[in-house]
Amino acid sequence: MMWWNGGMGYGMGWGGWVLMAVVMVAFWGLVVAGVLALFRSMRTDRTAPFDSDARAREILDERFARGEIDAEEYRLRRDELRARQ
């Protein structure tokens, strides 16, 4: 009974084997992605406080580098950030 249609899966044709292979690769890909996400979340340092002033300076530097603000506005906003500390 195990060898109906001339062999295991013979009745499904090549399409069935290809579909099974694709599903298997997708499944193992999801398993690997889940394990990596788990380790990545465990690795992050959750005790470090968020430094909003440092992030504000980074954003200001990025905007200046992209040319969104000119040098005068950059210096003005940088000085305001320094005064807040």
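This is a predicted model: local features need pLDDT of at least 70, side-chain atom pairs count only at pLDDT 80 or more; totals for chains, interfaces and linings use all residues.
Me: Switching topic: what's the average pLDDT of the chain?
Reply: The average is 82, and 74% of the residues score at least 70.

Me: And which element has the highest mean pLDDT?
Reply: That's helix 3 (residues 71-84), at 91. Helix 1 (residues 13-43) has the lowest among the elements, at 88.

Me: Now rings. How many aromatic pairs are there?
Reply: There are two. One of them is Phe27 with Trp28, an edge-to-face pair with 5.0 Å from centre to centre and 75° between the planes.

Me: Why does the pair of Phe64 and Tyr74 count as stacked?
Reply: Because their planes sit at 25°, and under 30 degrees counts as stacked. The ring centres are 4.5 Å apart.

Me: Which parts of the chain does that pair link?
Reply: Distant ones: Phe64 is in helix 2 (residues 52-66) and Tyr74 is in helix 3, ten residues apart.

Me: Is Tyr74 buried or exposed?
Reply: Tyr74 counts as buried, because its relative accessibility is 16% and the cut-off is under 20%. Phe64 is partly exposed, with a relative accessible area of 35%.

Me: What about Phe27?
Reply: Phe27 is partly exposed too, with a relative accessible area of 45%.

Technical notes. Residues are numbered from 1 along each chain as its sequence is written. Side-chain values use heavy atoms; hydrogens and water are left out. pLDDT is the predictor's confidence in each residue, from 0 to 100. Helices (H or I, at least four residues) and strands (E, at least two) are DSSP runs, numbered from the N terminus. Rings of Phe, Tyr and Trp (its six-membered ring) pair if their centres lie within 6.5 Å; planes under 30 degrees apart count as stacked, over 60 as edge-to-face and the rest as tilted. Buried means under 20% relative accessible area, exposed over 50%, partly exposed in between (1.4 Å probe, protein chains only).
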